[in-house]
Amino acid sequence: MSFLIVEKEVRPGVALIRLNRPESLNALNRALVGELTETLLSLDKEDSVRAIVITGNERAFAAGADIKEMANDGVVDMLLLDQFQRWDQIKRLKKPLIAAVSGYALGGGCELAMLCDIIIASETAQFGQPEIKIGVIPGAGGTQRLTRAIGKSRAMEYILTGRFFSAKQAEAWGLVSRVVPVELYLEEALNLAAEIAAMPPIAVQLAKQAVNKAYELSLEEGLHFERRNFYLLFATEDQKEGMRAFMEKRPPQWKGK
Ligand code: CAA
């Protein structure tokens with residue numbers, strides 16, 4: 001049984017993954033997360049895929065890890081399964097990932113959206129880390145990524161109460177790039193993905209890497225990393241083509257080399 005609908009070339013160079021477990025508000029059971037990770041790893045290797053959009057449906061992006069599946073687990077089950085190492089695999093993807101979020105993005109759903117590089121939200125989106133209400137805490141990055149995104153005081157408030165926050169709040173606090181009407185959120189995400197997919201792919205990859213380092217390194221180390229990636233791009237044909245095309249006043253033809 002598949003919990004995903006995968007479409008390639010929804011726009012040139014863009015693949016779309018829909019989480020498809022609507023009866024459970026796309027709760028992220030182990031099979032779904034396994035399938036999602038394998039699909040992402042495989043799309044990441046395909047040259048024709050330049051950007052990936054992950055979405056759910058209008059009611060839910062994903063309402064979190066599957067509570068029913070883990071309710072009776074013990075610590076040894078958790079350690080042996082080590083389900084969250086999947087999140088690390090997704091974090092290492094080279095291609096840009098865009099989350100198109102409508103409805104609930106809660107717990108692991110919020111964490112999955114935050115693992116993406118860009119979040120586009122429908123005005124109906126509701127974010128939250130409600131794990132505290134079921135006796136646990138966020139386990140797939142929520143305490144770290146939400147804090148970095150919206151600041152300590154707000155992250156504490158929402159993680160300690162489990163309250164939800166709106167798309168508008170998420171936008172004001174910098175968690176999402178943009179909030180659009182519900183009819184447009186997927187369209188907007190796909191168009192953005194297509195715009196990125198039309199850029200030189202090695203530069204896109206190295207830019208993504210460098211931005212992500214801003215969360216992990218000191219400013220000095222981050223600047224050093226950025227500079228190294230900048231210099232590296234001078235080994236690509238696309239750098240020569242991009243600069244030549246600028247001087248010749250014509251559109252560039254990217255080779256991805
Ligand atoms: N796990 C398993 N099933 C879930 C689920 C989840 N996280 N979220 C929703 N569902 C199921 C419900 O059990 C229900 O199934 P049944 O019809 O079989 O009862 C179905 O989806 C529809 O949900 P509701 O009837 O509850 O819908 P609602 O509109 O009344 O409420 C909601 C929506 C507020 C999102 C509510 O479903 C809810 O609170 N869900 C749980 C949210 C949550 O706590 N998420 C965190 C999970 S833990 C986690 O994610 C850990 C981590 O860090 C990875």
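Student: Is Asn 29 buried or exposed?
Tutor: This is a predicted model, and the answer rests on its computed accessibility. Buried means under 20% relative accessible area. Asn 29 has 8% relative accessibility, so it counts as buried.

Student: Where in the chain is Asn 29 found, and which residues is it in contact with, leaving aside neighbours within four places in sequence?
Tutor: Asn 29 belongs to the loop between S2 and H1. With its neighbours within four places in sequence set aside, Asn 29 is in contact with Phe 3, Arg 21, Asp 66 and Glu 69.

Student: Two of those contacts are Arg 21 and Asp 66. What do the side chains of Arg 21 and Asp 66 form, and at what N to O distance?
Tutor: A salt bridge needs a side-chain nitrogen of Lys or Arg within 4 Å of a carboxyl oxygen of Asp or Glu. The side chains of Asp 66 and Arg 21 meet in a salt bridge, with an N to O distance of 2.7 Å.

Student: How many residues apart are Asp 66 and Arg 21 in the chain?
Tutor: Asp 66 sits in the loop between strand S4 (60–62) and H2, while Arg 21 sits in the loop between strand S2 (14–19) and helix H1 (30–45). The pair thus links distant parts of the chain, and the separation is 45 residues.

Student: Are Asp 66 and Arg 21 buried or exposed?
Tutor: The limit for buried is under 20% relative accessible area. Asp 66 has 9% relative accessibility and counts as buried. Arg 21 has 11% relative accessibility, so Arg 21 also counts as buried.

Student: Which side chains meet that of Arg 250 in salt bridges?
Tutor: One partner is Glu 241, with an N to O distance of 2.8 Å; Glu 241 counts as buried at 13% relative accessibility. Arg 250 itself counts as partly exposed at 30%. Another partner, at 2.7 Å, counts as partly exposed at 46% relative accessibility. The partners are Glu 241 and Glu 248.

Student: Where does Ser 122 lie, and which side chain does its own side chain make a polar contact with?
Tutor: Ser 122 is in strand S7 (residues 118–122) and is buried, with a relative accessible area of 0%. Leaving aside neighbours within four places in sequence, its contacts include Val 101, Ser 102 and Tyr 185. The polar contact, at 2.6 Å, is with the side chain of Thr 124.

Student: How far apart in space are Ile 159 and Gly 74, C-alpha to C-alpha?
Tutor: Ile 159 lies in helix H7 (residues 152–161) and is buried, with a relative accessible area of 10%. Not counting residues up to four places away in sequence, Ile 159 touches residues including Gln 129, Ile 132 and Leu 146. Ile 159 and Gly 74 are 85 residues apart in sequence, and their C-alpha to C-alpha distance is 23 Å.

Student: Which residues come nearest to the ligand?
Tutor: There are 24 residues around the ligand. They divide into 13 nonpolar, 5 polar and 6 charged. Those that come nearest are Arg 59, Ala 65, Gly 108, Glu 111 and Glu 131.

Student: Which polar side-chain atoms lie by an oxygen atom of the ligand, and what share of the ligand's area does the protein cover?
Tutor: A polar side-chain atom of Arg 59 is 2.8 Å from an oxygen atom of the ligand. A polar side-chain atom of Lys 68 is 3.0 Å from an oxygen atom of the ligand.

Student: Which element gives the largest share of the shell around the ligand?
Tutor: Helix H2 (67–70), strand S6 (104–106) and helix H5 (108–115) each give two or more residues to the shell. The largest share is 3 residues, and it comes from H2.

Technical notes. Residues numbered from 1 in each chain as written. Predicted model: local features only at pLDDT ≥ 70, side-chain atom pairs only at ≥ 80, totals over all residues. Heavy atoms only, no water. Near = heavy atom within 4 Å. Polar contact = N/O pair within 3.5 Å; in protein donor to acceptor, adjacent residues only side chain to side chain. Nonpolar A, V, L, I, M, F, W, Y, C, P; charged D, E, K, R; others polar. Buried < 20%, exposed > 50% of the residue type's maximum accessible area, 1.4 Å probe, protein only. Contact = heavy atoms within 4.5 Å.
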